[in-house]
Amino acid sequence: MRRYLMIFIVSVCMAAAYAGSGTDCGYVVMSDDMKADSAIAERIMEAAAALPDGESVPLFIARRLIGVPYVGHTLDRDSVERLVVNLRELDCMTLVDNVVAMTRCVEEGRRTFADFVLMLAKVRYRNGDVAYENRLHYYQWWVMDNERMGLVKEINAPNPPFSAVQTLKINYMSENSGSYDMLRGNSERVVAIKRLEDATNGTKVCYIPKAGVVNTDLLRSTIHDGDIIAIVTGKYNLDTAHLGFAVWHKDGLHLLNASSIHKKVVEEPMTLYRYLHRANNRIGIRIARVL
């Protein structure tokens, strides 16, 4: 197991106080290369702040992370939940977390590393409260909490293209707790996660079926460059299976994502339509827009 540097970021607490958020920021921030993560975040945010009006900030930031190695489970390397900062290894969820956090910092005119760390906690955890049970493990939890905080907006109209409805049943984590290092043998956490899962079950959400992910004026006006794409899955007990960002090319919509296939962050060379049709359980997409 790699050795982590664990520190309290005092300036994060100062940033929270300045913002009047009332956030309890007495959590431990983990990074195995804080200097590198700080330099990456501040460099990207400074460059994004100089974009001309009309340019997509989230897409610009996501493109700056192309080539970063795909590494899964970077948030689960310790028995105690910590706020992990790692811009050098990404999976699909941490890519989205980090891009949204940096985008919101740029939009709010706050571009220090301390600002980014504080925003990352808000994006990743329910109410910004760093605890495993509060981590927004399912996309539905993530988009609901981030929309409630005014950080993103879910796009679910018009119909078409949002012509399909998914009735959520998300008990994957509680029913497969042995597959999660931080749930295995921890009955209290499993009970807490199941309570949250059950409270979500039965929720109906609109999505675009994969047959509708085509290169039309309607879809181009509905989905913008830099929008978050969540791939809706037909797998039992899950809501979505993968995340990324929308990128329009001449031939249609593409996905910028942290890819376990390519082993890095890439802008997929194939259209999203083709990507979705490569697996039967990829049944469509949900869309959210960073505000």
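**View 1. Helix α2 passes helix α3 in a right-handed crossing.** This is a predicted model. Helix α2 covers residues 34-49, and helix α3 covers residues 57-64. Their axes come within 10 Å. The crossing angle is roughly 145°. On the α2 side, the contact uses I44, A47 and A48. On the α3 side, V57, F60, I61 and R64 meet them. The contact residues divide into six nonpolar, no polar and one charged.

**View 2. The largest nonpolar core has 63 residues.** Which residues have the most contacts inside this core? They are L95, M102, F116, W142 and I228. Helix α4, residues 92-107, gives the core its largest share, 10 residues. Another core, of 18 residues, lies apart from the largest one. Among the residues of this other core are I155, F162, L219 and M270.

**View 3. W142 and the residues that it touches.** W142 is among the residues with the most contacts inside the largest nonpolar core. Residues up to four places away in sequence are not counted here. W142 touches M93, V96, D97 and V100, among others. The list also includes V123, L136, V152 and I228. I228, like W142, is named among the core residues with the most contacts. W142 is also one of the buried residues of helix α6.

**View 4. F113 and F116 form a tilted ring pair in the predicted model.** The count of aromatic pairs comes to three. In this one, the ring centres are 6.1 Å apart. An α-helix has 3.6 residues a turn, so residues three or four places apart point the same way. Are F113 and F116 buried or exposed? F113 is buried, with a relative accessible area of 8%. F116 is buried too, at 0% relative accessibility.

**View 5. Y138 and W141 form an edge-to-face ring pair.** The ring centres of Y138 and W141 are 4.8 Å apart. Their planes stand at 75°, so the pair counts as edge-to-face, a class that needs over 60 degrees. Y138 and W141 are both buried.

**View 6. Helix α6 is mostly covered.** The helix spans residues 139-148. How many of its 10 residues are buried? Seven are. They are Y139, Q140, W141, W142, V143, D145 and N146. Just after α6 comes G150, with a positive phi of about 80°.

**View 7. The loop between β4 and β5 holds P158 and P160.** Strand β4 covers residues 152-155, and strand β5 covers residues 164-167. A cis peptide bond joins A157 and P158, with omega about 10°. A cis peptide bond also joins N159 and P160. There omega is about -5°.

**View 8. N127 and K263 take positive phi values.** Phi of N127 is near 60°, in a residue other than glycine. N127 lies in the loop between α5 and α6. N127 is exposed, since its relative accessible area of 55% is over the 50% limit. Phi of K263 is near 65°, again in a residue other than glycine. K263 sits in the loop between β9, residues 252-259, and β10, residues 264-267. At 56% relative accessibility, K263 also counts as exposed.

**View 9. S260 and D91 are 169 residues apart along the chain.** S260 is found in the loop between β9 and β10. S260 counts as partly exposed, at 38% relative accessibility.

**View 10. K235 and D251 are 16 residues apart in sequence.** In space, C-alpha to C-alpha, K235 and D251 are 29 Å apart. K235 lies in the loop between β7, residues 228-233, and β8, residues 240-249. K235 is partly exposed, with a relative accessible area of 45%.

Technical notes
Residues are numbered from 1 along each chain as its sequence is written. This is a predicted model: local features need pLDDT of at least 70, side-chain atom pairs count only at pLDDT 80 or more; totals for chains, interfaces and linings use all residues. Side-chain values use heavy atoms; hydrogens and water are left out. Axes are lines fitted to C-alpha atoms, for helices over the stretch in contact, and angles run from 0 to 180 degrees between N-to-C directions. Helices (H or I, at least four residues) and strands (E, at least two) are DSSP runs, numbered from the N terminus. A crossing is left-handed if the near helix is turned anticlockwise from the far one by less than a right angle, and right-handed if clockwise. Contact means heavy atoms within 4.5 Å. Ala, Val, Leu, Ile, Met, Phe, Trp, Tyr, Cys and Pro count as nonpolar, Asp, Glu, Lys and Arg as charged, and the others, Gly among them, as polar. A nonpolar core is a set of buried Ala, Val, Leu, Ile, Met, Phe, Trp, Tyr and Cys residues joined through side-chain atoms within 4.5 Å. Buried means under 20% relative accessible area, exposed over 50%, partly exposed in between (1.4 Å probe, protein chains only). Rings of Phe, Tyr and Trp (its six-membered ring) pair if their centres lie within 6.5 Å; planes under 30 degrees apart count as stacked, over 60 as edge-to-face and the rest as tilted.
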